[in-house]
Amino acid sequence: MEFEAFLLSLGTSAFIFLVLMFLFTWLSRRPGNVSIYYPNRILKGMDPWEGSSLTRNPFTWIREAFTSSEQDVVKLSGVDTAVYFVFLSTVLRIFALSSLLILPILLPLAATDNSIKNTRNEADTTSKGTISQLDNLSMANITRKSSRLWGFLGAVYWISLVTYFMLWKAYKHVSTLRAQALMSADVIPEQFAILVRDIPSPPNGQTQKEFIDSFFRDIYPETFYLSLVITENSKVNKIWKGLEGYKKKLARAEAIFAATSTRPTNKTGLLGLVGEKLDSIEYYTDLINESMAKLETEQKKVLAEKQQTAAIVFFTDRVTAALAAQSLHSQMVDTWTVTEAPEPRQIIWENLKIKFFTRLIRQYLIYFIVAVTILFYMIPIAFVSAITTLDNLQKAIPFIKPVAKITFIRTVLESYLPQIALIIFLAMLPKFLMFLSKSEGIPSRSHAVRASSGKYFYFSVLNVFIGVTLAGSLFDNLKALQQKPNSIVTVLATSLPKNATFFLTYVALKFFVGYGLELSRIKPLIIFHLKKKYLCKTEAEVKEAWYPGDLSYATRVPSDMLILTITFCYSVIAPLILVFGVIYFGLGWLILRNQALKVYVPSYESYGRMWPHIHTRILAALLLFQVVMFGYLGVKLFVWATFLVPLIVTSLIFGFVCRRKFYSGFQHTALEVACRKLKQSPDLEEIFKSFIPHSLSTHKPEDHLFKGAMSRYQDYAAISAA
């Protein structure tokens, strides 16, 4: 990539971001768009503009984001979101503090050496066509065996020490944040329950429920309340979903009739295109009545005949529940397995019946599948990374040579083609990884998100970072690895400088274009207005069209981790990337703060249980950085590179100490946390009902929120229409 192409890429991305930001300030002030830019506030019963006029300052959202407190985030978006911002701010501080010392020291050291000028054809210079102006500010311009390398060695120590300090501080803060949330005087249903799996077969003469009740009543005679036996619900769920679908269609038909005074009709055949034409209102009313009868029959059958070997057990106080979740209830590891109960809304019911050893086998099988996926996915990514450089593309597709000679087109292709190809490849993966994670037998959505996030992170590092790095000079690296198979660290370290500009552009594209699209919400806005105008006939359909969902941690956190890994690994080799890292996480904190306070609605609450996994992956990225720097200093023939070995050991010890000190508080609820008094005595019957699946009960505690939200939405829509 030439210097002009890099500047064009950076300038174009910045311009797109500014356009999208001003588009956001204009669109978000229009009453007709309120449900796209302020859905969280609408659902919370708040005024989207908090009393300010529609002509408010276009940068008010920035002030609101900066002045909002952590408790504001917890109140509007939950503890998990607050913990995510701890992650963003911690990484931002790491890179900002690192930059204060590294940039003024390493940039002059690199700029005043002349290794590239004197040894342009040596292996550690960047590949042909990259921007020499930036090479002169990188470690590639340092002469081998130079005493200047001491400065780069010291920079590795500085970044590592800053990271240790910030991670320790963040872990303590998140632990306190989690404890404060769990100490809440409000009733949290899952704090009064435990999840029991791998229940043995009941003795003769006892039902499954009687067996479970007697087992726990004997152990906890004073505090045991009830048990909810898990049932096989696949058929009843299907009937219930069909019933809900018919209700929506009936509501739609009635809305059409009310608006047009003409009774709608539909055909009963394939996709409503063939078959007998019937009155829609009568047709769906009949189907609802039939489905309700089927549902009632199937519910009785499920409760009587389809009980499984798992249950939710309830207690009268949360101390007993916390104690039970941490206790060994059987001498055999594969019976009476007890854990804390997840939130009712995030339980994966079909996984609860899976036996202990089956879960274990599934887990290792999934690990194998993920490893194979990483291995084989690396092949197309490496191929695309190698082929999408313009020179290689011209070799593969000769007829584009005349087009590529046009200066503007060549510059645009060099600026964006490899990065866009990489982003497209990554977009294909998350749903597959989530499917694999759920297939392990994981009991809750938040746990599945953590598992999927971990897979996606390691996939990103191994395939995107390492794969692209090695693929940048694919054939040379293959020859080197054939000659010395154990030289992977050296080959990786040597390849890093050759891809510095690719990753600089990739990070810039992510924070300028990615966060610009995030803030402007152009795609959801267009989809909502199209659906509202042409498809939505009922209030429920309108609500479904604008409902925003959550922050999608399963993909968002691994994407951030990839940028973190790239910035770590290039922070000393090409120090300018620290500026890009600071902008990425700073801009991310600002924009996502706005989105968390106004847009996204959390779909579950795990009280920060994602943090230990985030902490571990930050340390993994730091370790990779230290190993890569050890290899690259070795390539530079710097004999004192061995001084990095104690630092690598220190990182491992630091991770071990953090896990021993903090992790137990995230794995279980501490009794000192659970023993705090509540404002009022818990309604145990309501707690019990909150865990009953919707297909077995009509109890839906969220309905009143949606009804209120819809009435407020109608008020804003009326303002828009006026």
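The model is predicted: local features need pLDDT of at least 70, side-chain atom pairs count only at pLDDT 80 or more, and totals for chains, interfaces and linings use all residues. Residues are numbered from 1 along each chain as its sequence is written, and side-chain values use heavy atoms, with hydrogens and water left out.

Start with the whole protein. It has 32 helices and six strands. Helices (H or I, at least four residues) and strands (E, at least two) are DSSP runs, numbered from the N terminus. Of the 722 residues, 52% are buried. Buried means under 20% relative accessible area, exposed means over 50%, and partly exposed lies in between (1.4 Å probe, protein chains only).

Now go inside. In soluble globular proteins, nonpolar side chains tend to be buried together. A nonpolar core is a set of buried Ala, Val, Leu, Ile, Met, Phe, Trp, Tyr and Cys residues joined through side-chain atoms within 4.5 Å. The largest such core has 134 residues, and F87, M139, F568, V572 and W611 touch the most other members. Helix α9 (residues 149–182) gives the largest share, 17 residues. A second, separate core holds 29 residues, among them L243 and L684.

Helix α25 (residues 553–570) is mostly covered, with 16 of its 18 residues buried. Its length can be checked. At 1.5 Å a residue, α25 should span 26 Å, and its end C-alpha atoms are 25 Å apart, which agrees. The expected span is 1.5 Å times one less than the number of residues.

Turn to the charges. Side chains of opposite charge can pair when their charged atoms come close. In a salt bridge, a side-chain nitrogen of Lys or Arg lies within 4 Å of a carboxyl oxygen of Asp or Glu. The whole structure has 15 of them. One joins K235 and E298 (4.0 Å, N to O). K235 lies in helix α11 (residues 234–260) and E298 in helix α12 (residues 280–305), so this pair ties together parts 63 residues apart in sequence. K235 is partly exposed, at 45% relative accessible area, while E298 is buried, at 5%. K306 also forms a salt bridge with E298, with the closest N and O atoms 3.0 Å apart.

Another salt bridge joins R263 and D279 (2.7 Å, N to O). R263 sits in the loop between α11 and β3, and D279 in strand β4 (residues 277–279).
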